[in-house]
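Me: I'm new to reading structures and would like a close look at one spot, followed by a walk through some other parts. Could you take me through it in plain words?

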Protein chains: 6
Amino acid sequence: MGLPDVRGREQILKVHMRKVPVGEDIDASVIARGTPGFSGADLANLVNEAALIAARLSRRVVSMDLFERAKDKIMMGAERRSMVMSEDEKRLTAYHEAGHAIVGLNVPDHDPVYKISIMPRGRALGVTMFLPEDDRYSYSKRRLESQLASLFGGRVAEELVFGFDAVTTGASNDIERATDIARNMVTRWGLSARLGPLAYGEDESAGYMGNYGGRAAQGMSADTANAIDDEVRNIINRNYEKARNILESSLDKLHLMSAALMKYETIDREQIDAIMAGREVPPPKGWAEHRDDDSDSSSGKTASIDLKPATPTAAASGELAGPAG
Amino acid sequence: MGLPDVRGREQILKVHMRKVPVGEDIDASVIARGTPGFSGADLANLVNEAALIAARLSRRVVSMDLFERAKDKIMMGAERRSMVMSEDEKRLTAYHEAGHAIVGLNVPDHDPVYKISIMPRGRALGVTMFLPEDDRYSYSKRRLESQLASLFGGRVAEELVFGFDAVTTGASNDIERATDIARNMVTRWGLSARLGPLAYGEDESAGYMGNYGGRAAQGMSADTANAIDDEVRNIINRNYEKARNILESSLDKLHLMSAALMKYETIDREQIDAIMAGREVPPPKGWAEHRDDDSDSSSGKTASIDLKPATPTAAASGELAGPAG
Amino acid sequence: MGLPDVRGREQILKVHMRKVPVGEDIDASVIARGTPGFSGADLANLVNEAALIAARLSRRVVSMDLFERAKDKIMMGAERRSMVMSEDEKRLTAYHEAGHAIVGLNVPDHDPVYKISIMPRGRALGVTMFLPEDDRYSYSKRRLESQLASLFGGRVAEELVFGFDAVTTGASNDIERATDIARNMVTRWGLSARLGPLAYGEDESAGYMGNYGGRAAQGMSADTANAIDDEVRNIINRNYEKARNILESSLDKLHLMSAALMKYETIDREQIDAIMAGREVPPPKGWAEHRDDDSDSSSGKTASIDLKPATPTAAASGELAGPAG
Amino acid sequence: MGLPDVRGREQILKVHMRKVPVGEDIDASVIARGTPGFSGADLANLVNEAALIAARLSRRVVSMDLFERAKDKIMMGAERRSMVMSEDEKRLTAYHEAGHAIVGLNVPDHDPVYKISIMPRGRALGVTMFLPEDDRYSYSKRRLESQLASLFGGRVAEELVFGFDAVTTGASNDIERATDIARNMVTRWGLSARLGPLAYGEDESAGYMGNYGGRAAQGMSADTANAIDDEVRNIINRNYEKARNILESSLDKLHLMSAALMKYETIDREQIDAIMAGREVPPPKGWAEHRDDDSDSSSGKTASIDLKPATPTAAASGELAGPAG
Amino acid sequence: MGLPDVRGREQILKVHMRKVPVGEDIDASVIARGTPGFSGADLANLVNEAALIAARLSRRVVSMDLFERAKDKIMMGAERRSMVMSEDEKRLTAYHEAGHAIVGLNVPDHDPVYKISIMPRGRALGVTMFLPEDDRYSYSKRRLESQLASLFGGRVAEELVFGFDAVTTGASNDIERATDIARNMVTRWGLSARLGPLAYGEDESAGYMGNYGGRAAQGMSADTANAIDDEVRNIINRNYEKARNILESSLDKLHLMSAALMKYETIDREQIDAIMAGREVPPPKGWAEHRDDDSDSSSGKTASIDLKPATPTAAASGELAGPAG
Amino acid sequence: MGLPDVRGREQILKVHMRKVPVGEDIDASVIARGTPGFSGADLANLVNEAALIAARLSRRVVSMDLFERAKDKIMMGAERRSMVMSEDEKRLTAYHEAGHAIVGLNVPDHDPVYKISIMPRGRALGVTMFLPEDDRYSYSKRRLESQLASLFGGRVAEELVFGFDAVTTGASNDIERATDIARNMVTRWGLSARLGPLAYGEDESAGYMGNYGGRAAQGMSADTANAIDDEVRNIINRNYEKARNILESSLDKLHLMSAALMKYETIDREQIDAIMAGREVPPPKGWAEHRDDDSDSSSGKTASIDLKPATPTAAASGELAGPAG
């Protein structure tokens, strides 16, 4: 129980690396710093996947770049190259993911973008992966509101480019996650000035008052419930507008990034930086090469009607990742 | 778990076709494209049914037309030719189904009509079958509202032709499905401008906030509940009116299509196109011929008081089909 | 599961009739047409009862009239001749049943009256038996409102003749059934113009939206609940008034029919027609004769304090019968 | 299941009487008429108790008067002569019971008083026993309101004689029963003109609409709940006032009857009639004599803190008895 | 089940006294009169405890004074002499208990004070023991309101002497008991003129209407709930004020009684009478002597954080005792 | 069950100390006085831990200072020295803990500060440990409000120093505990003048009214629920403001104490007193020395994503400790 911190991750990695031939360039502490939120099992899996890729590519040792590819697979899920999406859905997904990324790049205290992809993986049609820079144990109001804005970046991009009638059900997961954050800000974290530093709602934990032999009266009055709903809606709408303002001022970058995604399917920090700086976009590292090694091709089994298109998720390591995974 | 996509379907079909003698004209990829939403079991069943029909008809190989007949049976349920309906109920059912179809043909982004029938099948007195043109992973607001309108096409047709007092309980399933769509648009998909991009209601999934060890306060205030109900009602009424406007301008086609159904019981895309274009309606392919091969005749067992007359359902493949199945 | 339709009933009857000696006049298809709503078990029971009556009467073959008597017993329950009712309760029951019947005869699209009785049967003090003319799979708004009116015919007759203070608890079952119909009209069948074509309330079925992996938010707002209750009350009151108007204009027939019931205890369509036409009322077929063959005389066991006096029920076949059984 | 009617009771009595020596004067049909609401077990018990009393008194045969004493014991519970009540509580109980009786004698359609007692029995400090004159299967609005008035006769008598501050918790059972009646009048029996002929509240029975495969939406709106509570309160208050008016005009009889109870502890119809007619009150039949034969003297076991003083109950046969048992 | 009445107690005592050597002065009927509310087990325990004390004191027979000490232990719980309370808490407890007692002595129809103690016993820091004078089966409105006033005497004394900010959580049990009484007065006992003689709330008992086969609709409207809460608050506040008025006029006695408690820890009726009469307070009977015989000294086990300081409870016999036990 | 009081603790300690070699200076009664709220198991653990530390340090006997270190570990949890926190989070935690402490030092009737630490322990990033001076059995309104103020000291310090947008989720546990206290003040302890001495909400205990065989009607009206929520919010806001006022006047001390924490990680009463008096802050006793003896270093196991940063808890002995543990 509980996830290891950076020192723990380094020790765990070292244990597992003893069993596979790793390259000279491998530094467990570097990998540990790049995998916040990974569980012990995730780390074991990471070493294992990297070894498998090396075997597939007939490499003698596991080098740093293979660890990177293994990390992508674990964080974002296996690619599903067999899945056929219409051009329309692909384009909408590209704008959606670009929306997440561009907003995330323009709000304060937001985790940096790591990778964006419109290659379907697991149950998601696209992924925008944010990766925190270090282990984090608390979240400021500013950081949470930035997460809300980047979560809405996807839907706002759809709306700006295609109009409200073309907006899709694909943002339902973003909406649910944003609502959860906003509601917790109001009811558990005391981050709404209007509702004040109170805890609202059912509390199942023993709590402080346990020492009075007490069982605090629970429940919530109608007035309080209305005030909470209002305030949650205010927080949501404020950050939805923030995302809209950012994307309206960055429409050119939105088009560029979506075009890059249509072309390369997956782009890294290097491409993203080029787009944001107005430079020419270089092809992603290893583009064209590693097409068929680690994708999941048993389409009869993994293709699923439950797929939430254009829903970014942070896959296996999603628990610690940014809001627009 | 999960339904296969088009490539998966083709592979599955090929596996099962190895066991039966198929005609030269058979192209598994064509059948795969025509069966979005079919599960692996549905596809196995499809090949099996086609082989059974071939056996009944003493055909040596399973040809493409037999695959079509097998597909109808699987999608819409076995016909119940033993069931006696009064002329009044038949006529009302014909108008109801025609109403679904004509509205579906006149709203944007709606799946095309595949077949209409007033032959009772399974638990339904009639069926209007829409078939999507390809696998789809997300639904736009425009597409969902078009589904609402075609769902109401049946009830609206009853009302226009026979008056509100003659309207029946037969639309209860359409009503339930439409209400579910409209409610999800407001509460889960953020598709109501008034209620905004928020998730409303109970959430049992772990959700994004899981990483805070958190359990978001749930519940809904009275004001919010009222606003949601209002908005759901607005969406419903708007699309009911849309269906009414469409059918009022197409009354002649409504009469023609219902007459064709009274005559042929089941009509295909060819008859439908003729009616909509004002051309003479040709008899359906194979009309008169395949009467008794694949209907379910054990009436003592399948006739049921629970039948919801005039309720279109998309049968086995209904999960992926359009709203007015 | 599911009830057989007319063809199914005929086949089932033929199977069972093979085991008993039936008269030359017996036509299974005629009996099948006269038993809509009978289950397979009911039909087996019908043939069996008719054979038992024939044995009791020492008849050699089972003739058509014995099938009629067996059908009465199955539809309305065994008579309870041992039960002593006061003259006051008998008279009130006679007016109550006559009220059901006369309203049922004066509203559109209502099933015809088959028989009326103030002989206690099963748990009912009286029965007004309506029998549909054929299998029916949907119900129009007009037909449902006619059912509401005839359901209230019993209570209204009590009130008109004896005054509101003398009105009894005996109508509680009519009231419950009428409330259920009216509530379903508003909340499930979209038959209220005011509440519109929406489904209100809990939905346990998987529903249409299942294909989105979705679980629609349920619940109902306070405003909606108030509007539904209002509308249900309006529908109820409108049809209560309709029943009152009909009986006020038919007071003479109400007195005549109740008098006939006091005299004969049970009257058939022939007597009913005579009363409604103002003709002299002939004695019922076989009156005086079949007194003791098929009644249940173990009063110590069947007499029950739970009896709801003057509550018409449609007994075994009540599921398909009219509202005022 | 179900209670026997008068003919059933007579047959059951005859069966049990075969086993005991009964006097020449015994007529089972007379006893049957006097025991409405008795179950088969009650009747077996009655014969048994009468035989036991005969044995205790060394009688050779069981005579009619012993059946009367056995009936009292079964209907009202065994006397608890060991229990010590203060004079104050006895006097308050006497007025409470007299209040029940006098109101019951002055309202229309009320069951006649059979016996009144302030001898503690079972869990009650006093009993006013009403006995219906015959089997009854339905209850008129007038009869129910009379029951409400007599139920409140006890509390009203306390209030008139001792003042509101001296009124006790002893009427809580009367209050509960009256509330149940009034609530059922409004919500199940359609006996409130204001709320109309509707059923309100949860319905667990299958109900009429079962044949539509339907599950009616339940629940109740806030407005409806308020209206029901208001109407229940109106019915209660109207009949409380009725009881007050009756007792205010009969204060002399209230004092006389309570005095008779203080003197004789138990009075029968003969004493009651004398009081109401203003005649001298004769001593009850067998007063002084049958003191110790059938009382329950194991006070250590039966005395109970749960006793509801002055709460009239109809004991074993209470199900069919009047409201103020 | 059920508690024995006075005659029952006497018989039970006699049975148990046969097993121990009792003094000549012992009169079981006197002890029986002084132990209303004792169960059979309590009485057995009483005789046993008295015998144990006699053994500890090396007495040859169990005399009447030892029965008194045994009775104290059973009614109020074993003393916990090991428990260390601060002087502040002791003083506050002394005023709290004195407040209960003085109010109880100044309201009508209140049980007389038997003993007051600030020696911790069981889970209570102090006890004010009221003992009813005889078995009681009903409670008048006046008596219940007097109980409310004496229940609040403790908190009011704290407030008058130390101010509202110094008032403690120690009155929570008094508050809960007072709220229960007031709520029952309004909702079950018909003792509020405003809410009338109605039963409010859930009723799980079979109830009177069982004979209609009926299940009364339950629930409570919002207006009713508000009215009940208002009325409960009125009753509470009225009696809180009554307690305040009494203690404000008796401040001198409050100081005297609290001083006596600080000095003697436990005072009896004799000391209480002296204080109330303004006489000098004599030391309690046996003060100094019986310090260590029957206290519970295993502090490691009985000292508990759940202790509700200054909460009077009537211990073992509390069921029948006055509200401020 | 129940915690031992001071005498109980002394006896328990003596039992366990018999098994380990303790120094001459050890006085069980001193340790007992310093461990209010410790359970029997805690005390056994304390002796055991002290012995383990002695073994690790190769001491021959367990001296008083080792008991102190064992006590810290048991009260605050094992240190987690492996955990890496960013400088930002460390600084925010330092201000948060200093806020708790300074408010706690400036409100009346508050337990004294014992130790403050920003060394992560168990699941907390920091701890402010208050230790009551003796066993306490009741809590005054003044004391409870002081606890509320010190609970908010942490969040207020964050807000004053870094601004509301930088405020974190780390105070959620403080908020929850404060809400529980304030709610209990209003609903169970009668400590709100506005809501009065009533108990609000569900009561599961048998309660006083048990002796009436009664089950008090429960529930709460909408008006009452609103009033309670308002009052809880008032109490919370009043004490939040109180904390703000205190810290605004002590900003210099807040900066000094947070600097001391950044330097020493853990400070004792000596350092705290120096800061509050404006004296130079001496290094804590044994600073630098006992770094690695009793910390929990298996970071892979104890580091947890559920960590609530900056959440003060009173660890094992938290049940009796002050609110800002």
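Reply: Let's begin with the contacts of B:Val6. Leaving aside neighbours within four places in sequence, B:Val6 is in contact with A:Val84, B:Ala32, B:Arg33 and B:Asp135; contact means that the C-beta atoms of two residues, placed from the backbone, lie within 7 Å. This is a predicted model, where local features need pLDDT of at least 70 and side-chain atom pairs count only at pLDDT 80 or more, while totals for chains, interfaces and linings use all residues. Residues are numbered from 1 along each chain as its sequence is written, and chains are lettered from A and ligands numbered from 1 in the order in which they are written.

B:Val6 sits in helix H1 (residues 6-17) of chain B. Helices (H or I, at least four residues) and strands (E, at least two) are DSSP runs, numbered from the N terminus. Is B:Val6 buried or exposed? B:Val6 is buried, because 20 other C-beta atoms lie within 10 Å; the cut-offs are 20 or more for buried, 12 or fewer for exposed, and partly exposed in between, with C-beta atoms placed from the backbone. The C-alpha atoms of B:Val6 and B:Ser250, 244 residues apart along the chain, are separated by 36 Å.

Now to chain C. In helix H10 (residues 269-277) of chain C, the residues C:Gln271, C:Ile272 and C:Ile275 are buried. Seen down the axis of H10(C), its buried residues fall within an arc of 100°, so they line one face of the helix; the arc is that of the directions from the helix axis to the C-beta atoms. An α-helix has 3.6 residues a turn, so residues three or four places apart point the same way. The buried residues of H10(C) pack against elements of chain C including helix H5 (87-105) and strand S1 (113-117). After H10(C) comes C:Gly278, whose phi is positive, near 75°.

Chain A shows a sheet. Three strands form an open sheet in the order S2-S1-S3 (chain A), with antiparallel pairing; two strands pair if DSSP finds at least two bridges between them. Its edge strands, S2 (127-130) and S3 (266-268) of chain A, each pair on one side only. Strand S1 (residues 113-117) of chain A joins S2(A) over four bridges, and A:Ser117 stands opposite A:Val127 in S2(A). Overall, chain A has 11 helices and three strands, and buried residues make up 58% of its 325 residues.
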